[in-house]
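Please look over the fold shown here before reading on.

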Amino acid sequence: MGATGPSEGRVKTVDLTPEIYGYLVAQAEPATEVQLELAARTERLGRPARMRVPHEQAVFLTLLVRLLGARRVVEVGTFTGYSTLAFAMGLAPGGTVLTCDLSEEWTQIAEEAWHQAGVADRVELRLGPAAETLRSLPAGPEVDLVFLDADKSGYIDYWEQLVPRVRPGGLLLADNTLWGGAAADRQATGDGAAIRAFNAHVRADDRVESVLLPLADGLTFARRL
């Protein structure tokens, strides 16, 4: 068996044409009215709208929170709050999502959506540098699930702050870990190089077991040992 595993040379994937992608999305739980409105409002922002997680990924996040029975979620990178809303919808009773961002403009959109969905009481928004927010958290392993979706150059620092704070059996997720395929390029620069370094960091971390899933732009999925 080669270093890449038993399927070396036989790639089992499907090219997502618009028709196939539409079918895939149709197999997810349908968006709520609030999610539809939030997605439409985010699209009106123009180019930044691409930072929103796609709906099928949001459904996946909600399911993970429910499967874990999570009560404590930490998210780095709020944007307009679509993923935050997904987490809040799946929380166990009394659970909270702590979400970190720098933008008052974008998170104001998020807060309005959370109120409309009736989950604002489950969300704690912290504005400011995420690294500072994370360092202020209790040091003990109290977090059930982590989601990184912010500046790619900060991923390793966020990871190191959060792994010790995740309980055994808890999950750490990192978004955009294919970075449009650039992560596979040894000559990658900028954010592509940052993601490639992060991926290597995760693979070398013996505190977790992990896999990189081809969901959206790549989703790293790790379980705390």
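The report starts with the basis of the values and then turns to the sheet.

This is a predicted model, in which local features need pLDDT of at least 70, side-chain atom pairs count only at pLDDT 80 or more, and totals for chains, interfaces and linings use all residues. Residues are numbered from 1 along each chain as its sequence is written, and side-chain values use heavy atoms, with hydrogens and water left out.

**Sheet**

Helices (H or I, at least four residues) and strands (E, at least two) are DSSP runs, numbered from the N terminus. Two strands pair if DSSP finds at least two bridges between them. The model has an open sheet of 7 strands with mixed pairing, in the order 3-2-1-4-5-7-6. Strand 3 (123-127) and strand 6 are its edges, each pairing on one side only. On average, neighbouring strands are turned by 15 degrees against each other, direction ignored.

| Strand pair | Sense | Bridges | Example partners |
|---|---|---|---|
| Strand 4 and strand 5 | parallel | 5 bridges | Leu145 and Leu171 |
| Strand 5 and strand 7 | antiparallel | 5 bridges | Ala174 and Thr220 |

Strand 6 and strand 7 form a hairpin with 5 residues between them. Ala216, in the turn, has a positive phi of about 55 degrees.

**Cores**

A nonpolar core is a set of buried Ala, Val, Leu, Ile, Met, Phe, Trp, Tyr and Cys residues joined through side-chain atoms within 4.5 Å. Buried means under 20% relative accessible area, exposed over 50%, and partly exposed in between (1.4 Å probe, protein chains only). The largest nonpolar core has 29 residues. Val65, Val73, Phe87, Leu145, Phe147 and Leu173 touch the most other members. Helix 2 (33-43), helix 3 (55-68), helix 4 (82-90), helix 5 (104-117), strand 4 (143-148) and strand 5 each supply at least two residues. Helix 4 gives the most, with 5 residues. A second, separate core of 25 residues includes Ala131, Val146, Trp159 and Phe198.

Contact means heavy atoms within 4.5 Å. Leaving aside neighbours within four places in sequence, the contacts of Phe147 include Val53, Leu61, Val76, Phe87, Leu173 and Leu219.

**Helix 3 against helix 4**

The axes of helix 3 and helix 4 come within 8 Å and cross at roughly 30 degrees. Axes are lines fitted to C-alpha atoms, for helices over the stretch in contact, with angles from 0 to 180 degrees between N-to-C directions. Helix 3 brings His55, Ala58, Leu61, Thr62, Val65 and Arg66 to the contact. Helix 4 answers with Tyr82, Ser83, Ala86, Phe87, Met89 and Gly90.

Leu61 belongs to helix 3. Is Leu61 buried or exposed? At 0% relative accessibility, Leu61 counts as buried. Leu61 touches Ser83, Ala86, Phe87, Phe147 and Leu173, not counting residues up to four places away in sequence. Lys12 is 49 residues from Leu61 along the chain, and their C-alpha atoms are separated by 24 Å.

Asp149 sits in the loop between strand 4 and helix 7 (155-162). Its relative accessible area is 14%, so Asp149 is buried. Beyond neighbours within four places in sequence, Asp149 is in contact with Met51, Val53, Val76, Gly77, Tyr155, Asp175 and Asn176.
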